[in-house]
Each structure stands twice: as C-alpha cells, then as structure tokens.
Amino acid sequence: MALRRFKLGTREIDLDNREVRDSSGGVAALTANEVGLLTVLADQSGQVVDRQQLLVEGLGYRKALQTRAIDQAIWRLRKKIEDEPERPVHLRSE
C-alpha cells in the first residue's frame, strides 16, 4: 500500500486531499490521473516502473497502448513537484 502523504524535497504530497504544498505555503491541485500515477510510484519507491504498469495501474487503461499519455502526465506532475522540471530529481525517466 502506497503512502498517502509524503515529502518530496521541499514539497509535501497529500494524495487524499489531492494537493501538493510547497515550502512557501503554495498549493497545487492534483488531478485524479496524477494521484493514480503518484500512488503507483510511491508504492514502488526507489524502483523503476515501466510505462505499461503506469498506464494500467496509474491511469486505469485496460491494456497498454502506444500513447504519449504517460509523458504528458509526468510532465504536468514535474511542474508541480520539481524545483526544476527540466532537471527532475524525483520523477526521472530513463
């Protein structure tokens, strides 16, 4: 079971309330898809998670398809949780 509330650097992620709080008190809302992805990623913390698992478990796809949905969702998440989204520390791709 994934953590429902955790810190990533200077930000606090609260999956139950669907929000990200930064150190200055700013709040960014998380979409249902972003919560799904973060739940899978938190559950697999420190491990590589493949696109198929993110599509099926994180976004609710019935089967893996050729889609850029993961790339777009991860980019939106990076803008909310990374200090420098172009140089991610927490959500890295290989």
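**Group meeting: the core, the salt bridges and the pocket**

Hi everyone, let's start inside: the largest nonpolar core has 23 residues, and Ile13, Leu15, Leu30, Leu37, Leu54 and Ile70 have the most contacts within it. Strand E1 (5-8) and helices H1 (32-43), H2 (51-58) and H3 (69-81) are the elements that each give two or more residues to this core.

A quick word on what we are looking at. This is a predicted model, where local features need pLDDT of at least 70 and side-chain atom pairs count only at pLDDT 80 or more, while totals for chains, interfaces and linings use all residues. Residues are numbered from 1 along each chain as its sequence is written, and side-chain values use heavy atoms, with hydrogens and water left out.

Now the terms for that opening. By nonpolar core I mean a set of buried Ala, Val, Leu, Ile, Met, Phe, Trp, Tyr and Cys residues joined through side-chain atoms within 4.5 Å. Buried is under 20% relative accessible area, exposed is over 50%, and partly exposed is in between, with a 1.4 Å probe and protein chains only. Helices (H or I, at least four residues) and strands (E, at least two) are DSSP runs, numbered from the N terminus. As general background, nonpolar side chains in soluble globular proteins tend to be buried together.

Let me pick out leucine 30. Where does leucine 30 sit? Its place is the loop between strand E4 (27-29) and H1. Leucine 30 counts as buried, at 3% relative accessibility. Setting aside residues up to four places away in sequence, leucine 30 touches Ile13, Asp14, Leu15, Arg18, Glu19, Val20, Val35, Leu38, Leu77 and Lys80; a contact here is heavy atoms within 4.5 Å. For a sense of distance, leucine 30 and aspartate 71 are 41 residues apart along the chain, and their C-alpha atoms are separated by 16 Å.

One of those contacts, arginine 18, deserves a stop of its own. Arginine 18 lies in the loop between strand E2 (11-14) and strand E3 (19-21). Its phi is near 55°, a positive value in a residue other than glycine. Most residues other than glycine have a negative phi. Arginine 18 is partly exposed, with a relative accessible area of 38%.

On to charges. How many salt bridges does the structure hold? There are nine, a salt bridge being a side-chain nitrogen of Lys or Arg within 4 Å of a carboxyl oxygen of Asp or Glu. One of them joins the side chains of arginine 11 and aspartate 83, at 2.5 Å from N to O. That pair links distant parts of the chain, with arginine 11 in strand E2 and aspartate 83 in the segment after H3, 72 residues apart. Arginine 11 counts as buried at 13% relative accessibility, whereas aspartate 83 counts as exposed at 58%.

Next, please find aspartate 71. Arginine 51 forms a salt bridge with aspartate 71, and their closest N and O atoms are 3.0 Å apart. This pair also links distant parts of the chain: arginine 51 is in helix H2 and aspartate 71 in helix H3, 20 residues apart. Aspartate 71 forms a salt bridge with arginine 68 too, with the closest N and O atoms 3.0 Å apart. As for accessibility, arginine 51 is partly exposed at 38%, aspartate 71 is partly exposed at 27%, and arginine 68 is exposed at 57%. Elsewhere, Arg5, Glu12 and Asp14 are linked in a network of salt bridges.

Proline 88 is partly exposed, with a relative accessible area of 24%. Leaving aside neighbours within four places in sequence, proline 88 is in contact with Arg78 and Glu82. Proline 88 and arginine 78 are 10 residues apart in sequence, and 7.0 Å apart from C-alpha to C-alpha.

Last stop, the pocket lining. Which residues lie nearest the centre of the largest pocket? They are Leu41, Gln47, His90, Leu91 and Arg92, out of 25 lining residues. A pocket, on a 1 Å grid over the protein atoms alone, is an open set of points where a 1.4 Å probe fits, with protein on both sides within 12 Å along at least five of seven lines; lining residues have an atom within 4 Å of a point. E1, H1, H2 and H3 each supply at least two residues of the lining, and H3 gives the most, with four. Thanks, everyone!
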